[in-house]
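Please look over the structure shown here with the following briefing beside it. The notes move from a pocket to a helix and then to the aromatic rings.

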Amino acid sequence: MAHPVTASSTSSLVLIENLQVVTEQLAAASTTGEVLLSILVSLRETLADASGTLLLLGPSGEHLEVGHVRGEEAGRQSVWTGGPLNHADPAGDALLRREALYFGRHAELFQTYPELASRMNLTAPSGTVPGACAALPLVLEGRAIGTLMVDFQEPRSFAPEEKGFLRTLAALCAVALGRMRLGEELEARVAARTAELEAQSRSLQEERTALDAFVAYQEAVGDERDVQALAWQAIEVLRASLPHVSAAYYELDGQLWKAQAWSGDLPDEVTQQIRAGVPLDAPDFAEAARTRAAVFADGWNAEANSLPSTAQYGAVALVPLLTGDKLHSLLAVGTTQAHTWSERERAIVRAVTRGLALTLERSAAMRALDRTQHYLKVAAENAPILLFATDAQGVFTLSEGRLLEQLGLRPGQAVGQSATALFAREPDLREGRRLAQALAGQVAHDLTHFESSGVSLESWFIPVKDSSGAVTEVVGVSLDVTERLETQRRIERANAELRRSNEELEQFAYVASHDLQEPLRTITSFSQLLITRYSGQLDPRAEVYVRQISEGTGRMAQLLQDLLAFARVTSGAGALVEVDMNTVLAQVVQDLHAQIERTGANVSIAALPRVRGDASQLRQVFQNLIGNALKFRSLQRPSVIQVEAVPDGAHVCFSVRDNGIGIESEFFGRIFTIFQRLHGREEYEGNGIGLSITRKIAERHGGDVWLDSTPGVGSTFFLTLPAVNDL
């Protein structure tokens, strides 16, 4: 049976009065419950049979959660339990649409939201399904807060003034809840900021405490450099800042960490044990050494770290001390009062050990500087050098070294004087060009001759710059090169004399070999006449003599021709120009065509780059190399000759590879010597000059020639020639 629809009879005046009252109540509300109570009281006084449920949007913004439920009957349970924010129920639908929804009958409600009927029938107690309801979205300045669900037990027809009242009531509720949320957010932010400021205050206090400890240590050590004294001072400062701790300083001794200094409160048995040493693999020691970071071991396990006598310490810190990036030592700090380290204690331990590490590093640097200064002093006093420095105006601030005496100066005499004024009488120095160059920021180098003393110095001027790049001073060193320069001049004179001698020898060889041609031709002609005219008239022995004369003169003629060719490498040389080696090798192959055909050799030539050289001489070189490969071929296999080239810095490296008889390594140097042969004349023809000419041509081109060979396998001759782009 259908329920009758309750007609609205509330006057507009009553609605307005009730809104004024609830506005005042909401302004005084301080909790969500008080807000809902004011809303529901206004509902009951204005609209009969009304109850309300406040659904608030959760922190994620994706769920509605039940805030408060109030109604007429005590213990009344609401059917609105919240859930995902979507369009499947009126609370979520109204909030998403930002629109108030009214349902005069529950049939309308279930028709709009079909899934809601089954859910309500399963979860709601009998009689709690509303006869009518309104879903009022709570939105403040575009921000969704939740939904106010107003239920009526009986079906209801919502008059326009009632809808307006409900919308206004929802708006007032949203304002009140928004005000409360803003207050809660402000309180949370104030609390968070207060906690942050308190944490910062604690951190600053800890930093101040650590800084005080650091300053105290720096003041305590002063200029001390002894490592154990520095460690002892660190221990004393730690004990002054943290009276309840004990400390020990360890250095690595072989495979053990051994204590070198410790606080006086340590028992004898502990002292004996830490002096005996801790193994490298003791867990906390090993971790500190591996990570190069402080290890604060709360709940110290003495047995695991091979120190059973320290079991009374509840917490131990192991801090590595580094000099540069190298592990230098360890500082151990322990306390018997607690099993954990406080932040204040950690900060103090770190500060003191940081001070110790910096002091150790400074001490090591000072010792290294002392050593360097000592070495420089010894060098300056005993070696023929001069150390000097000037300020930015060119005034000497340092002048030390044995050379001062040779320049007529005493140690330190130049300090305070202008460099150009001090050496005004020396032509090479009075203008101070190199010093000016260094003062301008450039490293300068110079050879200076002192006319007054006859000493020659080679000097370097190095500018020293500040962080902005401005030159603040110039430091330098001078070496006595008087004897070296004299030796160099003697060598140059000897080289000039040697060049003249070589030129004369080459000229002599050329002239001698050329002039010997004529008498040799005479001997050859008359021996041929003897053979021709008196053939058969001479006894056998005379004929043998004549033939030997003829053969000897022939060999002599060939030797003279070879000697002329060797001399012409220099005397008849042409200019070095760009040469196409592909063309040169094509001519060589053409020249050797008959020999290649006769031997059946396979000659392959790769694409070759251009070089700088004398084309005629390079043609002679490759004719010698390929000709030798054909001459000394193996009779057991077809001859294969390969010519290739690869870039080699400023040169091109050529290779001529064959599969001939090969050469023993002991003869590699000998074969390039003029007139040296490895085989008899009856085996291979020639006078042994081809490779000598090849080497001389290579050297004339600024290159080199060498070989790699395996007897019975073959040989490879290598030749370097200047590349086109590097000359």
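The model is predicted, and local features need pLDDT of at least 70, side-chain atom pairs count only at pLDDT 80 or more, and totals for chains, interfaces and linings use all residues. Residues are numbered from 1 along each chain as its sequence is written, and side-chain values use heavy atoms, with hydrogens and water left out.

**The second largest pocket**

- A pocket is an open set of points on a 1 Å grid over the protein atoms alone, where a 1.4 Å probe fits, with protein on both sides within 12 Å along at least five of seven lines, and lining residues have an atom within 4 Å of a point.
- The lining of the second largest pocket comprises 16 residues, and those nearest its centre are Thr-81, Gly-82, Asp-89, Leu-116 and Arg-119.
- Helix H5 (114-123) and strand S3 (83-84) each supply at least two residues of this lining, and the largest share, four residues, comes from H5; helices (H or I, at least four residues) and strands (E, at least two) are DSSP runs, numbered from the N terminus.

**Helix H3**

- Six of the eight residues of helix H3 (residues 90-97) are buried, so this helix is largely enclosed by the rest of the structure; buried means under 20% relative accessible area, with a 1.4 Å probe and protein chains only.
- The buried residues of H3 are Pro-90, Ala-91, Gly-92, Asp-93, Ala-94 and Leu-95.

**Aromatic rings**

- The whole structure holds seven aromatic pairs, counted where rings of Phe, Tyr and Trp (its six-membered ring) have centres within 6.5 Å, with planes over 60 degrees apart counting as edge-to-face.
- Phe-296 and Trp-341 form an edge-to-face pair, 6.0 Å centre to centre with 75 degrees between the planes, and this pair links distant parts of the chain, 45 residues apart.
- Phe-296 is buried at a relative accessible area of 12%, and Trp-341 is buried at 6% relative accessibility.
- The rings of Phe-622 and Phe-654 have centres 5.6 Å apart and planes at 70 degrees, so this pair is edge-to-face; Phe-622 lies in helix H19 (residues 615-631) and Phe-654 in strand S22 (residues 651-658).

Terms used: Buried < 20%, exposed > 50% of the residue type's maximum accessible area, 1.4 Å probe, protein only. Phe/Tyr/Trp six-rings, centres within 6.5 Å; stacked < 30°, edge-to-face > 60°.
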